[in-house]
Amino acid sequence: MADQGFFERVYDVVRQIPAGRVASYGQVARMLGEPRKARFVGFAMHASPGMAGGVPCHRVVFADGRLAPGFAFGGPGEQRRMLEAEGVGFLPDGRVDLERYGWEV
C-alpha cells in the first residue's frame, strides 16, 4: 500500500482542482509522476479528511466520468449533489461531462 507521504502528495494535487471541475484518479496519479497508481489515489481519497481537511475529494471521478459507488462521505448520491452544487453537468447516463468539466492543467 502507498505510504502516508504519497497520500499527502495526492491531497496537495486534489486541493488544486477548482470548483466546477473534476479530475480522474489516473490524472491525479500522472500529475504525481506515478501513472500506475490510480488505485492508490482512490485509497487516498477514501482515507482523506474530506472538505474538513480542505481536500475536495468529490472532484475526483473515474476516467469515463463515473462517480464513486457509495461515495464515502455521505453515501450514494452525495458526490453528485456536491458536484451539481458547484455547477458540474452530467450526461444523460449519469457520468460527468468530462469534455466540458474536466480539469485541464
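Which residue lies over the face of Phe40? I looked this up to open my notebook, and I found Lys37 there, at 5.8 Å from the ring centre. A reminder to myself: this is a predicted model.

**Entry: aromatic pairs.** Phe7 and Tyr11 make a tilted pair, with 6.4 Å from centre to centre and 55° between the planes. These two residues are four apart in helix α1, so about one helical turn separates Phe7 from Tyr11. Both Phe7 and Tyr11 are buried.

Next I turned back to Phe40, which pairs edge-to-face with Phe43: 5.5 Å centre to centre, 80° between the planes. Helix α3 holds both Phe40 and Phe43, three residues apart, about one turn of the helix. Are they buried or partly exposed? Phe40 is partly exposed, because its relative accessible area is 22% and buried means under 20%. Phe43 also counts as partly exposed, at 33% relative accessibility.

**Entry: the cores.** I then looked up the largest nonpolar core, which has 19 residues. Val10, Tyr11, Val14, Val28, Val41 and Met45 touch the most other members. Helices α1 (4-14), α2 (25-31) and α3 (38-47) each supply at least two residues of this core, and α1 gives the most, with six.

Leaving aside neighbours within four places in sequence, Val28 is in contact with Val10, Val13, Val14, Ala23 and Val41. Apart from this core lies another, of eight residues, including Val61, Leu67, Val88 and Val96.

Technical notes:
Residues numbered from 1 in each chain as written. Predicted model: local features only at pLDDT ≥ 70, side-chain atom pairs only at ≥ 80, totals over all residues. Heavy atoms only, no water. Core = buried A, V, L, I, M, F, W, Y, C linked by side-chain atoms within 4.5 Å. Buried < 20%, exposed > 50% of the residue type's maximum accessible area, 1.4 Å probe, protein only. Contact = heavy atoms within 4.5 Å. Phe/Tyr/Trp six-rings, centres within 6.5 Å; stacked < 30°, edge-to-face > 60°. Lys NZ or Arg CZ within 6 Å of the ring centre and 35° of its normal.
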